[in-house]
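Please have the sequence and the 3D view at hand while reading.

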Amino acid sequence: MHAFSQILKTEARLYLRDTSTMVLTIALPTLILVVLGLIPTLRQPTADLGGQSFITYFTPSLLVVTLAMVGVNVLPTVLATYRERGILRRLATTPASPLALLLAQLVLALIGILISAVLLAMVARLAFGVPLPQHPLGFAAALVLGTAALLALGLLVAAAAPTARSAQALTVPVFMVVMFFGGVYLPRFLLPDFIAEIGAYAPPGVQALLDAWTGTAPHPLHLVIMAVVAVAAGALATKLFRWQ
Amino acid sequence: MPVIEVSHLHKRYGETVAVQDVSFDVAAGEIFGVLGPNGAGKTTTVECVAGLRVPDGGEVSVLGLDPRRDATRLRHLVGVQLQESRLPDRLRVAEALEMYASFYRDPADPAQLIDELGLGEKRNTPYDKLSGGQKQRLSIALALVGNPKIAILDELTTGLDPQARRDTWSLIERVRDRGVTIVLVTHFMEEAERLCDRLAVIDKGRVMALDSPAGLVSAVVPDQRIRFRPSTPLDDHLLTGLPQVTSVTRSGTQVVVTGTGDVLHAVTSVLARNQIIAADLRLEQATLDDAFVELTGRRLTD
């Protein structure tokens, strides 16, 4: 336990020292929110969006930015780099397990996502009057399961990529698909219906986040799909993961 | 008493046989070298000793324990410095050592170890700002921070400049003086000759020779050559009659005597008895490099 807390402390330090990654993962969604929020028309309620403002409608999609960044970009790149540098293998020669390092990375990813989500919700609420998630329990469930699904996908990428460079190459398309179906590149009401429908089932499950944010209980099927993706990708990653 | 016993080790990767048949013992407190060209099976051998790989055949025992079955216990007792193992760029020297120290039951004091390895002024320097020699010393420090009984060091001076290499060598000797048994994997002749008490020459997955560097040289290439200029004319028969001498030839005013064993002592005794002074006396002995060529039919290239 002492070893794990030391590893976690060290990894947290390294994360804090990497300012650009930290800004990208934690502050980026909030920064985009602020930029969009400065445009007055985006703050007006719109009939097209069922009387919501664009900002209100778009905020859950911004959460996808952090989830995608942490889950399928930072996590696999860090792990693949650690493997390539022989850091995981070196740990395997000590009484500490490389698994401890992997767990520390997952803990940090979760903390980063949590801080980012709270920051986004607070700024959206205080600066632009976007209501806080109206179905807190459903929101928590959607966030946890969506995060789990993306982290598992990230682990799968880290497991499948032989080198740090190929991990980075693999993360790009996965990251873009997640962002696209999450309605980050184009707001979902501009996407064709079938693509928006796919987005509901694609990790991290933006529809469930949106529903919970606006006060509807998330559709159970949406949540179940995320859990299935998390378990399946996680299991496959465990099978494929190499420490060296 | 041996602390490491390897007998008939065999390891293959798919179709490729990496280690064919390797046996050796390492005694407590010695610096044991594993010498051979790239791809000879050196790293695979020590990785089996370190418990990082499972042998396909043969027995490995480290401090009386099985590297696979007793892995958890052995990890507290064996420090390993792996080939080409780096640290995160932003990790600082002291942080790395403190983290690794926390893994062990009875670790060395990280601050003291940092000073001993001459990294005192670099304790707050991030890994990517260290020189090659400093990175290597940090890597050695990480292998020693658990106060191991055995340290396995793989290719520890590869990529270092000659000065840093010599500094690392004296560091290894100091570590041995603290009672740590050292297994050193190398493909540098000079390193093996300078540091190792005994060494195993490995080629194509087999042990070609197992001896002290000097013993190995004299066993494989026994001939020594003595050159001198005698102060008075010398009758060759004085020397050719000696059992240690194989030949006497002349090169200008120089006499060249070839022989084995304590030929130098035998020749100088004869000269002294005949009141002949040997000017410009030189003894030429084969090097480990020559022995290696003799054993494997090729030269180790750096």
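Which side chain of chain A meets Glu47(B) in a salt bridge? The partner is Arg89(A), with 2.2 Å from N to O. The model is a predicted one, and the values below are computed from it.

**The interface**

This salt bridge belongs to a set of four found across the interface of chain B and chain A. Nine residue pairs are in polar contact across that interface. On the side of chain B that touches chain A, two or more residues come from each of helix H2 (71-77), strand E5 (78-81), H3 and H5 of chain B. H3(B) gives the most, with four residues. By class, this side of chain B has 14 nonpolar, five polar and ten charged residues.

In total, 29 residues of chain B are in contact with 23 residues of chain A. The two chains bury about 2,400 Å² between them, and 54% of that is on carbon and sulfur atoms. Arg86(B), Arg90(B) and Phe103(B) are the residues of chain B that lose the most area to chain A, together 25% of what that side buries.

**Helix H3 of chain B**

Helix H3 of chain B covers residues 93-101; eight of its nine residues are buried, so the helix is largely enclosed by the rest of the structure. Among the buried residues are Val93(B), Glu95(B), Leu97(B), Met99(B) and Tyr100(B). What do the buried residues of H3(B) pack against? In chain A, they pack against helix H1 (2-17) and helix H4 (87-92). In chain B, they pack against helix H4 (110-116) and helix H5 (132-144).

**Spans listed for chain A**

An unreviewed UniProt entry lists several stretches of chain A as "transmembrane region", including residues 21-42 and 136-157.

**Backbone details**

In chain A, Pro203(A) and Pro204(A) are joined by a cis peptide bond, with omega about 5°. Pro204(A) is in the loop between helix H8 (193-201) and helix H9 (206-214) of chain A.

In chain B, His8(B) is a residue other than glycine with a positive phi, near 50°. His8(B) lies in strand E1 (residues 2-13) and is exposed, with a relative accessible area of 52%. Lys204(B) also has a positive phi near 50°. Lys204(B) sits in the loop between strand E8 (198-203) and strand E9 (206-211) of chain B. Is Lys204(B) buried or exposed? Its relative accessibility is 60%, so Lys204(B) counts as exposed.

Conventions: Residues numbered from 1 in each chain as written. Chains lettered and ligands numbered in written order. Predicted model: local features only at pLDDT ≥ 70, side-chain atom pairs only at ≥ 80, totals over all residues. Heavy atoms only, no water. Buried < 20%, exposed > 50% of the residue type's maximum accessible area, 1.4 Å probe, protein only. Contact = heavy atoms within 4.5 Å. Buried area = accessible area lost by both parts, 1.4 Å probe. Polar contact = N/O pair within 3.5 Å; in protein donor to acceptor, adjacent residues only side chain to side chain. Nonpolar A, V, L, I, M, F, W, Y, C, P; charged D, E, K, R; others polar. UniProt positions renumbered as here; feature names shortened; annotations may be inferred.
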